[in-house]
Amino acid sequence: MISKILGLFQSKKEEPATKKVTQNKNKQEQQKKSVRKGEIGEYKVNIQLDQMPKEYKHLADLLVTNPAAKSGYSQIDHVLLTPYAIFVIETKNYQGEIKGGRDDKQWNVNNRFTMMNPFNQNYGHIEIVRKITNTSREDIVSLISFTRRATFSVDPALRKISSNDLIVYDIELTEFIERKINYIKLTEKKSKFSAEQIDEMYLALKQANITDPAIRALHTDSLKGNGLAAQKTKGDERAKCASCGKPVPQKVKEYCLANPARFKGKIYCYDHQK
């Protein structure tokens, strides 16, 4: 009888712990499902862009140095180089109703939480691409792609083909790109970039892409806010550009030192890495 009574108390004490473990497992499963869905979405976009005309050049998952970013880097989902425009594409995997306008700092998801205006986020990516390719903002189209798990309640202007800021579903991505190119052909009557220029821009972006797994992991950790990046950036004020003397983040310093053939052991800010 005593053992049964003790057993009842023990069950009650273990119940909260068991519930917490179950909640953690459910949260982990949801995160895994979200990652898998995101990977499937990226795969679908890659397939579409790789099937565009041969004269177009597609790059995916670029990590490039960006001293203006908190991590010191910018990660760009997709860049498509065409004779008529450069498309810088940001992919999103949100589920539910997406509300927002072009000038809003925050967008709303399902009236439950907010997200950063994706066009503002993509603006930083565009600026980096523009500098690397030596092009103007007018040459670049900002495309935000959502999966069909989302529905749009956004500024109608962001769906008009005349705009250089377009929001699309992933299944209609290439359709919008083709429509935009046809619009440019009709309005401007000529291409902006030759095949040689496209090859040069492609090579410049490919060379700027950081493939070092350690640096990519550092960037990912900094976005998660787990403090690892902060530990790695101690002493940033001591790292200065060899050309202009401007202080550079520790990650830029590490990037330069990790490429001795290119930088000869010296440290350069982004502008002087060219």
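## Basis and overall figures

A contact here means heavy atoms within 4.5 Å. In the protein, residues 24 or more positions apart account for 55% of the contacts with a separation of 6 or more.

This is a predicted model, in which local features need pLDDT of at least 70 and side-chain atom pairs count only at pLDDT 80 or more, while totals for chains, interfaces and linings use all residues. Residues are numbered from 1 along each chain as its sequence is written, and side-chain values use heavy atoms, with hydrogens and water left out.

The protein has eight helices and nine strands (DSSP runs numbered from the N terminus: helices are H or I with at least four residues, strands are E with at least two). Of its 274 residues, 41% count as buried (buried is under 20% relative accessible area, exposed over 50%, partly exposed in between, with a 1.4 Å probe and protein chains only).

Five strands make an open sheet in the order 1-2-3-7-9, with mixed pairing (two strands pair if DSSP finds at least two bridges between them). Strand 1 and strand 9 (165-169) are the edges; each has a single partner strand, so one side of each lacks a neighbour in the sheet. From one strand to the next the twist averages 30 degrees (axes are lines fitted to C-alpha atoms, for helices over the stretch in contact, and angles run from 0 to 180 degrees between N-to-C directions).

Helix 2 packs on this sheet and touches strand 1, strand 2, strand 3, strand 7 (140-146) and strand 9. The direction of helix 2 makes about 145 degrees with that of strand 3.

## Strand 2 and its partners

Eight of the nine residues of strand 2 are buried. Strand 2 pairs with strand 1 in the antiparallel sense over eight bridges; Leu63 has Gln75 as its bridge partner, and Thr65 has Tyr73.

Strand 2 is also joined to strand 3 by four bridges, and these two run antiparallel. Val79 has Val88 in strand 3 as its bridge partner. The two strands form a hairpin with four residues between them.

## Helix 4

Helix 4 (residues 195-208) has 14 residues and should span 20 Å at 1.5 Å a residue, which agrees with its end C-alpha atoms being 20 Å apart (the expected span is 1.5 Å times one less than the number of residues).

Ile198, Met201, Leu205 and Ala208 of helix 4 are buried. Seen down the helix axis, these buried residues fall within an arc of 95 degrees, so they line one face (the arc is that of the directions from the axis to the C-beta atoms). The buried residues pack against strand 1 (57-65), strand 2 (73-81), strand 3 (86-92) and helix 2 (118-133). On the other side of helix 4, Ala195, Glu196, Glu200, Lys206 and Gln207 are exposed.
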